[in-house]
Amino acid sequence: MVVTVENPLDLLESAGLVTLSSRDPELEYSFKHSLMQETAYATLVRSRRMELHRQVAEALEVLQLSPDVGAPILALHYKEAGLPGKAFPYAAQAGDLARSRYASAEALAHYDLALSLVPQLPDEGLSTKLRGVYSGRGTILEVAGRHQEAQDNYEGMRREAARLGDDAMQAEALNRLATVKTVTFDSADAADLLRQALELAEHSRDLPMIARTLWNQGLYYLFHEPDKATDYFERALNIVRRPDCQALDDSSGIRELEGFILADQRVTHLVAGQFRLAKAGGERALAIFRSLGNRAMVADLLGGSAIMALYSGQPEAAIEFSNEGIEISRSIGNPWGIVYNNWAQLDIAFDRGQLDEARDRALSLLETARQVSFPIFSGVIHSLLTRLYVYVGLSERALEHARAGQEMFASPAGRVSWSIWESGMLGLAHLARGEIAQAGKTLEPLLGGREGVVPGFQGYFVAAPAVIEYALASGQHDRGLAFADWMLVRFEEEGMGRAGPEALYWRGRLNLAMGDHGAAISDFERARVGIKALPIATLEWKNELFRSEALEAAGRPQEAAAGRDLARSMAQDLARHIESADLREAFARVVSTALGTRGSS
């Protein structure tokens with residue numbers, strides 16, 4: 001007997017194989033268990049499966065689903081239908097769309113699908129589409145700090161470009177590969193890669209690619225030859241700002257490239273101490289990336305803006321910039337941005353005497369920094385911990401972090417700024433242990449002014465307290481004073497308001513040691529105003545204490561006694577806000593020694 005079933009789905013539902021999951025806007029059934037679906041799928045003959053996938057894909061195309069929904073589904077169905085030529089563009093589009101909303105894992109899966117289809121595709125017209133897939137995939141890996149995988153990706157891009165004979169694509173692969181190597185200080189062959197890239201770009205007559213290559217040339221010289229880096233950046237900017245380049249639409253990447261050039265030019269200016277130029281270029285770059293909706297670069301530039309606001313003596317603005325950068329970075333899963341935007345906040349917490357917060361945040365950030373293939377971030381965090389432990393008198397811990405930072409700052413010859421930074425932290429730790437000769441090995445070469453554009457000025461800025469402390473400890477007062485004067489002139493020229501009061505404090509100490517009590521009092525009183533305005537609680541009581549000593553030496557005992565009482569009150573107030581027993585007890589010993597020594601002088 002033959003049984004006619006009006007609706008086969010009713011029979012499947014009654015057998016418990018499928019379930020009605022929706023009635024509106026139309027009936028929708030789903031398998032009750034994924035294993036049932038897999039079993040049913042496996043029973044289909046391969047040719048039948050492929051035909052069904054093709055029919056589904058074509059039906060979906062007719063429906064004109066939104067790209068965000070349709071592209072991933074169509075890529076999968078056309079792949080399973082054995083139509084790689086139809087699947088590839090949808091997979092690439094799905095990757096681009098996922099990347100635009102910072103769904104990184106999803107985007108990588110779509111890009112990987114696209115690349116898996118390449119061996120089945122004809123070479124004709126392939127390179128343009130393939131270039132976008134490799135570039136998008138590499139960008140995700142770079143933002144995530146997965147730089148070795150990014151290098152592997154660009155090596156693959158380079159091989160495909162060479163196979164397809166596409167000079168512009170090969171130039172881009174070489175450029176991006178050189179960028180990753182330069183950023184991670186694995187730059188032994190970066191110069192050769194960039195030379196090849198420039199030759200290929202010029203041969204292709206691709207103006208954006210020529211500009212990109214010049215930008216990368218500048219990036220190569222970023223930290224150690226600022227004049228040369230700036231020259232390459234300016235040449236690149238002259239190209240991207242040409243009317244014919246500016247007329248290109250956003251898909252050409254020309255506006256984004258202009259933003260990248262300005263962002264890295266800002267870093268060169270900052271490292272070289274050209275603070276005003278750095279600030280102006282950074283603001284223009286930030287405006288470009290905000291207009292393009294590039295959240296990763298907005299976060300990066302906010303981190304730089306926070307540092308510059310801190311240096312200019314605007315801590316509240318620095319916190320505002322960095323909070324926005326941290327929020328953006330967390331929302332897109334970007335560890336680079338999280339660490340970079342915390343940089344200024346670590347210094348501000350230390351300045352304000354929030355030592356528990358500074359230490360706890362720094363130790364936590366070290367874990368995040370390890371996810372990023374940029375060792376400088378870890379070095380910067382170790383330097384903050386070095387300063388903190390020196391400040392509270394825990395010199396053994398300070399030396400441990402100084403040495404850990406030394407490993408992070410270790411880089412190819414010529415990375416001047418980081419080398420100076422590292423020397424300052426090591427010297428500071430040795431001075432805290434009373435090891436003056438050992439400190440001199442790293443600090444003696446820094447004791448002296450420089451002229452013109454100084455490649456490692458940011459490093460000098462960080463190392464300055466250690467350099468002047470060494471000058472005091474070794475009796476080289478004249479050289480220390482010349483160094484302090486040089487720094488003060490640069491700070492005033494560049495509007496670096498945060499650094500000025502500290503430099504005045506150090507110059508006051510040098511003048512005091514040289515017996516020029518009037519000059520010392522003047523320096524301490526000028527520093528007093530700036531320290532209070534910022535504020536810098538960790539320096540305020542020390543400045544007051546040395547000011548009282550200068551007043552005592554100048555024959556003003558009543559004012560000196562009042563100054564010592566004020567210094568004691570400030571230090572005690574700072575100590576009351578330290579919650580960690582180890583930091584509080586160590587700091588109490590430092591204060592007791594300082595007040596006892598100065599009080600009896």
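H16 passes H17 in a left-handed crossing, where left-handed means that the near helix is turned anticlockwise from the far one by less than a right angle, and right-handed would be clockwise. This is a predicted model, in which local features need pLDDT of at least 70, side-chain atom pairs count only at pLDDT 80 or more, and totals for chains, interfaces and linings use all residues. Residues are numbered from 1 along each chain as its sequence is written, and side-chain values use heavy atoms, with hydrogens and water left out.

The helix labels come from DSSP runs numbered from the N terminus: H or I with at least four residues for helices, E with at least two for strands. Helix H17 covers residues 315–331, its axis comes within 8 Å of that of H16, and the two cross at roughly 160 degrees. Axes here are lines fitted to C-alpha atoms, for helices over the stretch in contact, and angles run from 0 to 180 degrees between N-to-C directions. H16 and H17 are therefore roughly antiparallel to each other; the classes are under 35 degrees for roughly parallel, over 145 for roughly antiparallel, 65 to 115 for roughly perpendicular, and oblique for the rest.

On the H16 side, the contact residues include Arg295, Val298, Leu302 and Ser305, and on the H17 side they include Pro315, Phe321, Glu324 and Ile328. Contact means heavy atoms within 4.5 Å. Sorted by class, the contact of H16 with H17 has 11 nonpolar, 5 polar and 2 charged residues. For those classes, Ala, Val, Leu, Ile, Met, Phe, Trp, Tyr, Cys and Pro are nonpolar, Asp, Glu, Lys and Arg are charged, and the others, Gly among them, are polar.

Now the other neighbour of H16. Helix H15 (residues 275–292) packs against helix H16 (residues 295–311) at an angle of about 150 degrees, with the axes 10 Å apart. H15 and H16 are therefore roughly antiparallel to each other, and H15 passes H16 in a left-handed crossing. Among the residues that meet are Phe275, Ala278, Leu286 and Phe289 in H15, and Met297, Leu301, Met308 and Tyr311 in H16. This contact of H15 with H16 divides into 11 nonpolar, 2 polar and 2 charged residues.

Next, the aromatic rings. How many aromatic pairs does the count come to? It comes to 25, where rings of Phe, Tyr and Trp (its six-membered ring) pair if their centres lie within 6.5 Å, with planes under 30 degrees apart called stacked, over 60 edge-to-face, and the rest tilted. Phenylalanine 289 is buried at a relative accessible area of 0%, with buried meaning under 20%, exposed over 50%, and partly exposed in between (1.4 Å probe, protein chains only). Phenylalanine 260, at 18%, also counts as buried.

Tyrosine 311 and phenylalanine 461 form an edge-to-face pair too, 4.7 Å centre to centre and 80 degrees between the planes. Tyrosine 311 is in helix H16 and phenylalanine 461 in helix H24 (residues 457–473), so the pair ties together parts that are 150 residues apart in sequence. Both tyrosine 311 and phenylalanine 461 are buried.

Glutamate 494 lies in helix H25 (residues 477–494) and is buried, with a relative accessible area of 15%. Leaving aside its neighbours within four places in sequence, glutamate 494 is in contact with Gly273, Gln274, Phe275 and Arg276. Its C-alpha is 8.9 Å from that of leucine 277, at 217 residues apart in sequence.

Two backbone items remain. Most residues other than glycine have a negative phi, and most peptide bonds are trans. The bond from leucine 534 to proline 535 is cis, with omega near -10 degrees, and proline 535 sits in the loop between helix H27 (517–533) and helix H28 (537–553). Tyrosine 102 has a positive phi of about 60 degrees although it is not a glycine; its place is the loop between helix H5 (84–100) and helix H6 (104–117).

For the whole chain, there are 30 helices and 2 strands, and 53% of the 601 residues count as buried.
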